[in-house]
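User: I would like to go through this model, one question at a time. Please start with the helix packing.

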Amino acid sequence: MDPIHQFQIKNLFTIGTFGGHEIAFTNSAAYMVVAVVLTALLMLGGTAGRRLVPTRMQSMAELSYEFVAEMLRSTAGEHGMKFFPLVFSIFMFVFISNIVGIIPYAFTISSHIIVTVALALMVFLTVIIYGLYKNGLKFFKLFVPSGIPMAILPLVVAIEIISFLSRPVSHSVRLFANMLAGHITLKVFASFITMLGALGIAGIFGAVLPLGLTIALTALELLVAALQAYVFAILTCIYLNDAIHPGH
Amino acid sequence: MANGTQNDEPANGGEPGKPLPDDAALSARLGRLDQRLSTLKGNQKAEIDHAEWQDDNASARASALARGFRLSSELVAGVVVGAAIGWGIDYLFSTSPWGLIVFFFLGFAAGVINLMRVAGVVPDVHERLHERPKDPSGDR
């Protein structure tokens, strides 16, 4: 079994053509819709009752709100709360899609770098556009540290600019690589079970080892899925903090 | 219930200011518990504040795996972006290979700076610009 096979993009149906390009509805798009629908159901279902003593559903919705709100307040301050819809959407989208991706036969959308790059670039452009809009040219003070001798200032500014530009790269690659590597590992160990099982009676006993490892790896993947969604969201908060207060 | 009030009554009435030994022990224990709880709470709060401001990602503490991955990706991202800029400059101004060489090293420096910032070895941009540690109560 090819461990990369699970990441294949399949065209489910074609919506139409645009400028000679086919606009296709792929399995990736279908799982994005699933993530959005699940998030919407959780939020709508959780806020429908609005009881004083929350039901399980309401408790989940409240917990996710509190979690993201606290994260945003502690990293970007009270002003950061105007970005709450963005951060909350990103967190829930990545979190739900990662969790859905662990289900066997499901497709993991964040294992495609184009998806994570799109998310990271959205944050990056938000930081630049909002930073310039809010602070004007003072935004560029982010690249010019104070108290640096003139002689090495150009060097430091160049390094700071490269450091700033490398943010969307590391931001997107981290999520993508974690999900890709995790799912490939899982697939490889799972394929060992069938390979050993085909060897006869001794192989079946030997297959218990990779089976145990696969179960352990699935638990680890569950942790990684949640953790990477959290890391992605908290980095979004940290970068937004630069747009809100670029060292004033 | 009736017993309890009867027990309390003579104690308060008979010896003012000196409750029964049982009561004294209980209130002393309650006091100690209160004190311990408040110090615990204080410690916890201080720890959280410390973690948030000392290190810009509290997540790093959640898992060493995530921390290691974050550190390595920061370094690689810096080098890759530096090399890409250098290659782009070479391509535009046909200065090959000088742009690539210079910006590769600048990218490496940027990667190391990223790395040290994440690790909390050098202060964050904000703290350096402020030239003082950011106070936790300021922006909340």
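Analyst: This is a predicted model: local features need pLDDT of at least 70, side-chain atom pairs count only at pLDDT 80 or more, and totals for chains, interfaces and linings use all residues. Residues are numbered from 1 along each chain as its sequence is written, with chains lettered from A and ligands numbered from 1 in the order in which they are written.

User: At what angle do the axes of helix H2 and helix H3 of chain A cross?

Analyst: Helices are DSSP runs (H or I, at least four residues), numbered from the N terminus. Axes are lines fitted to C-alpha atoms over the stretch in contact, with angles from 0 to 180 degrees between N-to-C directions. The axes of H2 (residues 56-76) and H3 (residues 84-102) of chain A come within 10 Å, and they cross at roughly 125°.

User: Which residues of H3(A) make the contact with H2(A)?

Analyst: Contact requires C-beta atoms, placed from the backbone, within 7 Å. H2(A) contributes A:Ser64, A:Val68, A:Ala69 and A:Leu72; H3(A) contributes A:Phe84, A:Val87, A:Phe88, A:Phe91 and A:Met92.

User: Where is the cis peptide bond from B:Ser96 to B:Pro97, and what is omega near?

Analyst: B:Pro97 lies in the loop between H4 and H5 of chain B. The bond from B:Ser96 is cis, with omega near 0°.

User: Is A:Arg50 buried or exposed?

Analyst: A residue is buried with 20 or more other C-beta atoms within 10 Å of its own, exposed with 12 or fewer, and partly exposed in between. A:Arg50 sits in the loop between helix H1 (27-49) and H2 of chain A. With 8 other C-beta atoms within 10 Å, A:Arg50 is exposed.

Technical notes
Helices (H or I, at least four residues) and strands (E, at least two) are DSSP runs, numbered from the N terminus. Two residues are in contact if their C-beta atoms, placed from the backbone, lie within 7 Å.
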